[in-house]
Amino acid sequence: LSRAFALACGVATALCVLILIGLLVSVLWNGLHVINWKFITGFPSRHADKAGIWFALMGSLWLIALTTLLSVPIGVGAAIYLEEYATASWWRRIVQLNISNLAGVPSIVYGILGLGLFVRAMALGQTLISGALTLSLVVLPVVILASQEALRAVPNTIRHASYALGATRWQTVWYQVLPAALPGIMTGVILAVARALGEAAPLVAVGTAAMVTFAPSSLGDGFSALPLQIFEWASRPQAEFHERSAGAIVVLLVLLVLLNAGAVFVRYRYGRRIRW
């Protein structure tokens, strides 16, 4: 029975890999030839040969920057409190359980929450700050859990040695534990931000426009994003727009690969500095 189960899992994995490779080849085949400087810096247009992704690309970069600024300090701070300060109690167990559950909630649920809380209750409207706050809710549990794992990986001997030299708890956390856990924390943050970059469902739920005629310049501006632009072009009947959608997917994949490569580099580069 175990062999049959392992064989079935292997076959299913192989099929998934083949399907993924097929999709990737199809996207590259249809999208690579449309990517040029005009496509990247072009503006939205009703004509496929003139349509570009500049405003959507700028909107995505704004979103990622704001989401990082909002989620990283809160997420890392929460992880430090839960791991270094909070005592083992029923309250901490409940909070930890809820954070773990929130990490598995579908992103569309966060989009509905963002629509009700940020867009309507707080009257922020369908603006850049509403989208950034909504995406921050999506990645915040992931940042907290990744930071907690990184903090747990730091040996207690480092903490004990710091306390033995007369350091306070905060000095120990700030000067000893955090630098040792920084590679893991940064890796988790980069991967969480990469997830936010590819999210479309929360932005659709918030009511983000798929086609805008300007790049955002302030928190109260409307915006678009690459996933929404891809969805908008893919939903059109013209084959030319489907090729533009494939080109935008390639650009988004490049950004995701760069972010993941950054996570690998950070872990390799800074992880070597810590020896215990």
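This is a predicted model: local features need pLDDT of at least 70, side-chain atom pairs count only at pLDDT 80 or more; totals for chains, interfaces and linings use all residues.
Trainee: Which residues is Ser245 in contact with, leaving aside neighbours within four places in sequence?

Mentor: They are Ile230, Trp233 and Ala234.

Trainee: And is Ser245 buried or exposed?

Mentor: Ser245 is buried, because its relative accessible area is 4%. Buried means under 20% relative accessible area, exposed over 50%, and partly exposed in between (1.4 Å probe, protein chains only).

Trainee: Which helix is Ser245 found in?

Mentor: Ser245 belongs to helix H11, residues 239–271. Helices (H or I, at least four residues) are DSSP runs, numbered from the N terminus.

Trainee: Now a new topic: where does Ile94 lie?

Mentor: Ile94 lies in helix H4. Ile94 counts as partly exposed because its relative accessibility is 42%.

Trainee: Let us turn to Leu140. Which residues does Leu140 touch, not counting those up to four places away in sequence?

Mentor: Leu140, which has its place in helix H6 (residues 128–152), touches Ser71, Ile74 and Gly75.

Trainee: What separates the C-alpha atoms of Leu140 and Asn98?

Mentor: Those C-alpha atoms are 12 Å apart, while Leu140 and Asn98 are 42 residues apart along the chain.

Technical notes. Residues are numbered from 1 along each chain as its sequence is written. Side-chain values use heavy atoms; hydrogens and water are left out. Helices (H or I, at least four residues) and strands (E, at least two) are DSSP runs, numbered from the N terminus. Contact means heavy atoms within 4.5 Å.
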